[in-house]
Amino acid sequence: VSHELRTPLHGIQGMLGLAAQGKLSKAQRSRIDLALEASHTLRRLVDDLLDVAAIEARREIQFHPSATSMHHLIESVVDLMRPAAQQKGLSISADISEAFPQHVMIDADRLRQILSNLLQNAIRYTDRGSITCRASLD
């Protein structure tokens with residue numbers, strides 16, 4: 001099943017990647033970048049569903065930490081959620097403390113999924129105003 005789900009997603013990501021290499025206007029590049037982010041989110045969701053199946057089958061979940069730009073990760077998730085927030089008349093932003101590390105070793109896909117879920121819920125349950133994703137160190 002994993003092959004049947006992942007193969008079309010890899011095709012979509014590949015075609016979007018090729019489109020991104022062409023000469024594009026700023027608006028087109030932004031749309032392609034958002035579509036790429038959305039396809040990565042969908043792939044992670046498929047991976048998560050397969051992880052749930054692994055848990056139910058009593059197999060271990062694998063984590064894949066790598067050096068990750070936290071600033072870029074947080075800002076890209078906020079950018080991905082911006083159209084949904086704007087559709088509800090909400091503003092959304094990232095507020096990242098200067099003391100927050102630039103790069104950390106983390107499973108970026110897992111963290112991106114967690115942030116996406118949190119922000120999707122914030123958008124769903126916020127009727128007016130704004131949403132801010134804050135990252136700081138205590």
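Trainee: Which side chains meet aspartate 95 in a salt bridge?

Mentor: A salt bridge here is a side-chain nitrogen of Lys or Arg within 4 Å of a carboxyl oxygen of Asp or Glu. Aspartate 95 pairs with arginine 134 at 3.2 Å, N to O. That links distant parts of the chain, 39 residues apart: aspartate 95 sits in strand S2 (residues 91-96) and arginine 134 in strand S4 (residues 130-135). Strands are DSSP E runs of at least two residues, helices are H or I runs of at least four, and both are numbered from the N terminus. Keep in mind that this is a predicted model: local features need pLDDT of at least 70, side-chain atom pairs count only at pLDDT 80 or more, and totals for chains, interfaces and linings use all residues. Residues are numbered from 1 along each chain as its sequence is written, and side-chain values use heavy atoms, with hydrogens and water left out.

Trainee: Is arginine 134 buried or exposed?

Mentor: Buried means under 20% relative accessible area, exposed over 50%, and partly exposed in between (1.4 Å probe, protein chains only). Arginine 134 is exposed at 62%, while aspartate 95 is partly exposed at 36%.

Trainee: How many salt bridges are there by this rule?

Mentor: Six. One of them joins aspartate 109 and arginine 43, again at 3.2 Å, N to O. Aspartate 109 is in helix H4 and arginine 43 in helix H2 (residues 26-56), so the pair ties together parts 66 residues apart in sequence. Here arginine 43 is buried, at 17%, and aspartate 109 is partly exposed, at 30%.

Trainee: Which residues are linked in a network of salt bridges?

Mentor: Glu37, Arg43, Asp109 and Arg112.
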